[in-house]
Amino acid sequence: MGLPRMSIQSPPTLLELAGRSLLSNKSRAILDLEDLPIELFPPLFVEAFSRGHTEVLKKMVHTWPFTCLPLGALMRQPQPDMLRVALDGLDMLLAQQDRPRRWKLQVLDLRRAPRNFWRTWSGAVVDACSPEDIKKNQALKLDPATAAKLPLKIFIDLCLTEGPLDEFLTLLFLWVTQRRDRLHLCCNRLKIFGKPIGHARKVLRLLQLDSVQKVEVHCTWVPSTLAAYAPFLGQMKNLRKLLVSQVRVPAHTSPEEQEWLLAQLTLQFLRMDCLRKFCVDAVLLLEGHLEQVLRHLKTPLEALSITNCPLSDSDWNYLSQCPNTSQLRHLDLRGIKLTNFSLGPLQILLEMVAATLKSLDLEACEITDSQLQAILPALSCCSQLRILCFFGNRISMSVLRDLLLHTARLSQLSIELYPALLESYDAQGTEDSTQDSSSFDPVDLSQTEKAILALEDLPIQLLPPLFMEAFNRRHTEVLKKMVQAWPFTRLPLGALMNTL
């Protein structure tokens, strides 16, 4: 009979044991905080939080000896009770004329972080508390009088929906509203889902808008609503990413009104010095106005995503002419119907960003064989390309071979998504699982041994189509030899498994 399995857990550290011992007597713990070694604060706070020792927590917030208290990292979900304890501790601090001797708190961070964040963070704090580091950084520290004049900052990531605010946010916003002259509510990431209602605008007025770095708006908005919220965007001068989706144009909207409404949004771009990622999805207002939107951007974009939007000829042609698209790292054009467009502008754009482009998404663009062949030379020059998505387009096996041949030399390419081949569709346009792709026979593999012997002398450009044919016909010995003799830096085997 075997021995029962025992779960192996790391033993508690000496700091954790000391914290538990101190918490066994709450009154003593509160009294001893002023003289507690600084390295004991993080583990003691975690222990008090997990055990629900609210009075100890309140006092610890009041005497916190670091500039930041990352409270949100301890919450798997919003905990209004624990937030109330922290805010009570801050109230004690704000009410005092003379701050605690070791007080340094400047930031209450309510953003979520990985579960091991506190262990990593507290270890870094302890290291930074060595005598050498303390002496080294003394010149950078603010004296208590100066620090007390700085507004306290509260950081939070927000997701606003159509429904009412939950208890956690209601408590926080009420508390902030009553103390606005002494603190700043900061938000790096802001998401809005559903139609905006009254509280969304009130929340935006509470925020320190220059702290916002990423905004995502996932709503079915009419242009007038977007225009009403545009002034808030103009105050987000440090915004790095803007995503807007589902903007509809009512049938009664005149062209002049559309121009005016769009101008309310694009003029705000002139105030954004840091915008690097611009994403629009299903924004019907964009058609015929892409130049008006992009020309107001002040800095070159790293990422441009225009998906599921109707575009005019002038929109498509401007993509390669816009100076702000010359350094793109990511280009996403999913769902843009390109069948009736010349891909010349895309070819020019790919040539322009060949040294920087890392991902290209052309999913469901209805690109034809001839269009794809036109951009292959430019695509093969994108030396930094790592992700290529061509899923959802109907192309033939011969063109897929050309595509693989051109991309085989892209050593950074690691993720490739290709569609079912054109030959696999029946007359009704649906995929035909009974179609025998072995009927496409550009390479003679009838003599396996001869094929193996000929590999060494085979022209390099024939190896990709030969590999595809051998893979399709399950010529395992040929495949094995081809892997050994493969002359390219990358073998995209997964692409064949998705397509053949």
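A polar contact is a pair of N or O atoms within 3.5 Å; within protein, one must be able to donate a hydrogen and the other to accept it, and residues adjacent in sequence count only if both atoms are side-chain atoms. In this predicted model, the side chains of Asp 332 and Arg 334 make such a contact, at 2.8 Å.

Asp 332 belongs to strand E11, residues 330-332. Its relative accessibility is 14%, so Asp 332 counts as buried, the limit for buried being under 20%. Apart from neighbours within four places in sequence, Asp 332 is in contact with Leu 304, Ser 305, Ile 306, Thr 307 and Asp 361. Glu 363 lies 31 residues from Asp 332 along the chain, and the C-alpha atoms of the two are separated by 8.6 Å.

Helix H9 spans residues 167-177. At its start, a side-chain oxygen of Asp 166 comes to within 3.2 Å of the backbone nitrogen of Phe 168. Phe 168 is itself buried, as are Leu 169, Leu 171, Leu 172, Phe 173, Trp 175 and Val 176 of H9. The cover over these buried residues includes helices H5 (80-95) and H10 (198-206), along with strands E3 (152-155), E4 (158-160) and E5 (183-186).

The structure holds zero disulfides.

Phe 391 sits in the loop between strand E13 (387-389) and helix H17 (397-407). With 43% relative accessibility, Phe 391 counts as partly exposed.

Key. Residues are numbered from 1 along each chain as its sequence is written. This is a predicted model: local features need pLDDT of at least 70, side-chain atom pairs count only at pLDDT 80 or more; totals for chains, interfaces and linings use all residues. Side-chain values use heavy atoms; hydrogens and water are left out. Buried means under 20% relative accessible area, exposed over 50%, partly exposed in between (1.4 Å probe, protein chains only). Helices (H or I, at least four residues) and strands (E, at least two) are DSSP runs, numbered from the N terminus. Contact means heavy atoms within 4.5 Å. A disulfide is a pair of cysteine sulfur atoms within 2.5 Å.
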